[in-house]
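Here are some worked exercises on how the parts of a two-chain model pack together. Have a look at the structure, try each task, and then follow the solution step by step.

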Amino acid sequence: MIDLQGVVCCIGDQQFHFELQLPAGQCIAVMGASGTGKSTLLNLIAGFETIRDGKLILNGCNSTHLTPKQRPVTSLFQEHNLFSHLSVFDNVGLGLHPGLRLSQLQRVQVNEALAQVGLAGFGKRLPETLSGGERQRVALARSLVRRRPILLLDEPFNALDPARRQDMLKLMDQLRRSKGLTVMLVTHEPKDAVAIAQQIVFLHQRQIYLKGTVMEVLASQKAALLDYLAHPVIPNSHHTIV
Amino acid sequence: MLSLYRIYIGNNIQKFWMAFSIRIGLAGHGWWLLSLASLAVVLVPIIVALGTLLWHSQTLMFRNLTDVYIWRVVWFSWLQASISTLLSLLLAIPIARALARRQHFAGRSLLLRCFSLALVVPTLVAVHGMILLHGHQGWINQLMISLNSSGYHYLYGLGGILLAHVFFNMPLAARIVLQRLETIAPETWRLASQLGLSSKDIWKHIEWPHLRTVLLPLTGLIFTLCFTSFAIVMTLGGGPQATTLEVAIYQALRFAFDLDQAVLLSLLQLVCCGLILWVGLRLGRPLQLCPSTQQRCQRPDLHSVAGRIFDGWMLFLAVLLVLLPLLAIVVNGSNDYWHVVLDDKRLWYAAGNSLWIALNSALLTVILAMGLLLARRHLQLRLGWHRAATALEWSGSVILAFPPLVLGAGLFLALRSWTDVFALSLYLVVLVNTLMGLPFALHILSAPYLQLARQYDRLCSSLGLAGWHRFRLLEWPRLRHPLAFSLALTAAMSAGDLGVIALFGTPDVSTLPLLMYQRLGSYQGEAASVTALVLLGLCLGLFIVLELGLRGKHD
């Protein structure tokens, strides 16, 4: 589980406050307008930003002062997930050993992970020969071999076309179920949340504004949320359609 | 019937011409006029100079190729340039890495500032600083003697040449390497810290692949600068053991007036430098010389003790190599002779000349560079003639391989029969300095200019934004910083250049570097020190005023 207790963080002259408890094994969609702190929230959990005040507990272990490497977390960014001069196999292998000294068993693991994301046989290729979706799959394969229970995704599928995006979401969902992962997914697309998330965390003015199941949050009538969504996703029964 | 036919032909020619002019974009645009003029200003002096020298060298020059002296000079040129380049790069990479890792150490911004100024410190002044620091009476020797050790004599010959070349080129290389390191995406650093990459892994997987593309052209540039360096080799080298092609050309022209030899030597130099530049430019990407805004990065390899100690030593070495000679100039220049020197009218006259030369040649350089880039933009983006576009920009860089002395001597001989060359000497200096600054201005301007063109060329065409208005509304606001930087850099370089003025300077026409050279030659050490300080002040002042004054508030 992910537990932020009164966490405060400063970036420049902006201050962020987070108070959030999330159960393990679920997919949580993080939504909110630009600049409200979605990426900051993920960066805090991954350890890329320092926590000024408060406590961060990941899977029962106080992680407030751990280095990114020590945390039970793995991240997937929108781009720059792969080293362009390393082969697909090596890029995945880096998740097992940072100096790429892999045992026979680990080599098998890499190939299995590639097969799980649908890229069996792609090991020798270079990232530049892959499509955007395939590159994200390689990064996902690396997240899998790292065997970290928490997976953080910062708008990872934004550059993909709708069909590829749907495929990736399905793959994500399937992997979450089979590996028991906790997934946090930053997205602007309510449809994504409906498709794979159990909960939504909605940020506004640099703090948590709403939290609840997907249906609860999307049906909420709070002004900030309605502003953000522009038009309601779930038709409200009180409104009569003329 | 015939007249109808004529009209038919005439119409067709007219149509063809219209189609052609629309196709190559002549209609309504003066771009080609400016571009052709720029190209002419660049190429005509080179062709005239080389042609005149060839014309004047009567005998078949290739008989000289059997001369042992020439091959010794060629060998030494290669040797010193190779070692200088290697040393500069080997020091620059760890120093840049230390600067990238230690974002918060106290003197960082001062050191970086000095690194960018090292490019504009006049060669002669730097050499003077080297002598004050490393010479027989220098600070280091005095320290050694006071510690009861025998003095060292390493300054004259290869040792001094290498020291001076490292002083100039290490900061240049370090800045370019640092900039390249700063372009690494923040996500990459986050990934590295999540994967727990060690310092060695980071070098292998992140930094080296990033630097590789920039190292080849950087090597080419530094090698060419060392290969053609003149004032350093003339003052610290000399003698048959330590003479480069550039100095040999000067000696052939000034002392022996042996045109055959000069032509042969300059052709050899052209071949050598051309080869290096070609390899560097062909295999690498263009360098970014203009400083850019840096971004915050969170590297995971900041905390190891060994890394801290290593970085500390590297930064200490950088301070020793770059700051100490500058400090020596300032300390020695503030001696009791300052009022004698400053009262001297010759100093102010020479300073005035230097300023005039600097401003004129900087302005001309930037106009020429913009003219060439305009043509390049047209050829590349509108017509799709990529080869022609590259060739055009190449013509600007060729000068880097062409010895300025040969240019000067050739023009001197060509103009001698027409007019009084000594009366024109200042204009000739401006012309030669303009051409010498051109490769730098092109380096600085070409990437941002072309990127801007790629983004907005279609929009400009659809809005009918062209010519002066386009420059005023689009290019000036967006390219202000690189424009200011190239103006400042070329002005400072040209103010501090000894180069051609050494060839046809007369007592009536002198510049600050020449005055300083004369004072050094006549053993007026104190007066030379003050002159050096004034010259340093002029160059740095020009650079800072032009760069900060023109670049505006926003980058």
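**Exercise 1. How far apart are the centres of domain 1 of chain A and domain 2 of chain A, and what lies between these domains?**

Step 1. Taken over C-alpha atoms, the two centres are 26 Å apart. The bounds, which come from an automatic or database domain assignment, are 24–50 + 65–72 + 148–242 for domain 1 of chain A and 82–147 for domain 2 of chain A.

A note before going on: this is a predicted model, in which local features need pLDDT of at least 70 and side-chain atom pairs count only at pLDDT 80 or more, while totals for chains, interfaces and linings use all residues. Residues are numbered from 1 along each chain as its sequence is written, chains are lettered from A and ligands numbered from 1 in the order in which they are written, and side-chain values use heavy atoms, with hydrogens and water left out.

Step 2. Count contacts, meaning heavy atoms within 4.5 Å: 12 residues of domain 1 of chain A touch 11 residues of domain 2 of chain A.

Step 3. Turn to buried area, the accessible area (1.4 Å probe) that two parts lose on being put together, summed over both. Between these domains it is about 1,100 Å², with 65% from carbon and sulfur atoms. On the domain 1 side of chain A, A:Arg148, A:Met168 and A:Leu171 supply 43% of the area buried against domain 2, more than any other three residues.

**Exercise 2. Describe the domain interface in chain B.**

Step 1. Chain B is assigned domain 1 (1–60 + 341–555) and domain 2 (67–329).

Step 2. Here 48 residues of domain 1 of chain B are in contact with 43 residues of domain 2 of chain B.

Step 3. The buried area is about 4,200 Å², and carbon and sulfur atoms give 79% of it. B:Trp394, B:Leu400 and B:His443 supply 14% of what domain 1 of chain B buries there, more than any other three residues.

**Exercise 3. Which residues of chain B lose the most area to chain A?**

Step 1. The chains meet through 17 residues of chain B and 23 residues of chain A.

Step 2. About 1,800 Å² is buried between them, 58% of it from carbon and sulfur atoms.

Step 3. B:Gln194, B:Leu195 and B:His205 lose the most, together 37% of what the chain B side buries.

**Exercise 4. Work out how helix 7 of chain B and helix 9 of chain B are oriented.**

Step 1. Helices (H or I, at least four residues) are DSSP runs, numbered from the N terminus. Axes are lines fitted to C-alpha atoms over the stretch in contact, and angles run from 0 to 180 degrees between N-to-C directions.

Step 2. The axes of helix 7 (residues 158–182) of chain B and helix 9 (residues 199–227) of chain B come within 10 Å and cross at roughly 155 degrees. That makes these two helices of chain B roughly antiparallel; angles under 35 degrees count as roughly parallel, over 145 as roughly antiparallel, 65 to 115 as roughly perpendicular and the rest as oblique.

Step 3. Residues in the contact include B:His165 and B:Leu172 of helix 7 of chain B, and B:Glu207 and B:Leu218 of helix 9 of chain B.
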